[in-house]
Amino acid sequence: MSIKRRISDDDGRAALESWFRARSAGADGAEGAAALPRSTRATAVRYTLEELATRAPGNSVEVRVPPFGVCQCVEGPRHTRGTPPNVIEMDPATWLELATGLTDWEAAVGTGKVLASGSRANLSEWMPLRS
């Protein structure tokens, strides 16, 4: 089953590219990316969550990037009520760093920037999303 995209490829890629350029801009990159309009950051996060759900379809893992979005992905047992058994949560900046390849899964988990619980809560196979 394919997901229903809410963000067009053009809008999503433009927002992601804006974030990436701001984040990659030297010593002040993190501050520059954080200074982007909220709508740009939200679009970049939601677009990459949609992209993850497309590349890793399923319902066994819930990826949470508050306050901008959530998706379910990865094949496996489906949960129907309550908190799913496999949950990944992180802030928007960490999510976009993973999605763009500015950091890798092991580093983000190792530094505590990503909270992952459950036997399937590992996205290293699908990161980075930006090529």
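Buried means under 20% relative accessible area, exposed over 50% and partly exposed in between, with a 1.4 Å probe and protein chains only. The model is predicted: local features need pLDDT of at least 70, side-chain atom pairs count only at pLDDT 80 or more, and totals for chains, interfaces and linings use all residues. Residues are numbered from 1 along each chain as its sequence is written, and side-chain values use heavy atoms, with hydrogens and water left out.

**Cysteines**

A disulfide is a pair of cysteine sulfur atoms within 2.5 Å. C71 takes part in none, its nearest cysteine sulfur being that of C73 at 4.4 Å. For C73, the closest cysteine sulfur is that of C71, and 4.4 Å is too far for a bond.

| Residue | Relative accessible area | Class |
|---|---|---|
| C71 | 9% | buried |
| C73 | 0% | buried |

**Helices α3 and α4**

Helices (H or I, at least four residues) are DSSP runs, numbered from the N terminus. The axes of α3 (residues 38-55) and α4 (residues 92-100) come within 10 Å and cross at roughly 50°. In the contact (heavy atoms within 4.5 Å), α3 contributes R41, A44, V45, T48, L49 and L52, while α4 contributes P92, W95, L96 and A99. By class, eight of these residues are nonpolar, one is polar and one is charged; Ala, Val, Leu, Ile, Met, Phe, Trp, Tyr, Cys and Pro count as nonpolar, Asp, Glu, Lys and Arg as charged, and the others, Gly among them, as polar.

Terms used: Axes fitted to C-alpha atoms, helices over the stretch in contact; angles between N-to-C directions. Helix = DSSP H or I, 4+ residues; strand = E, 2+ residues; numbered from the N terminus.
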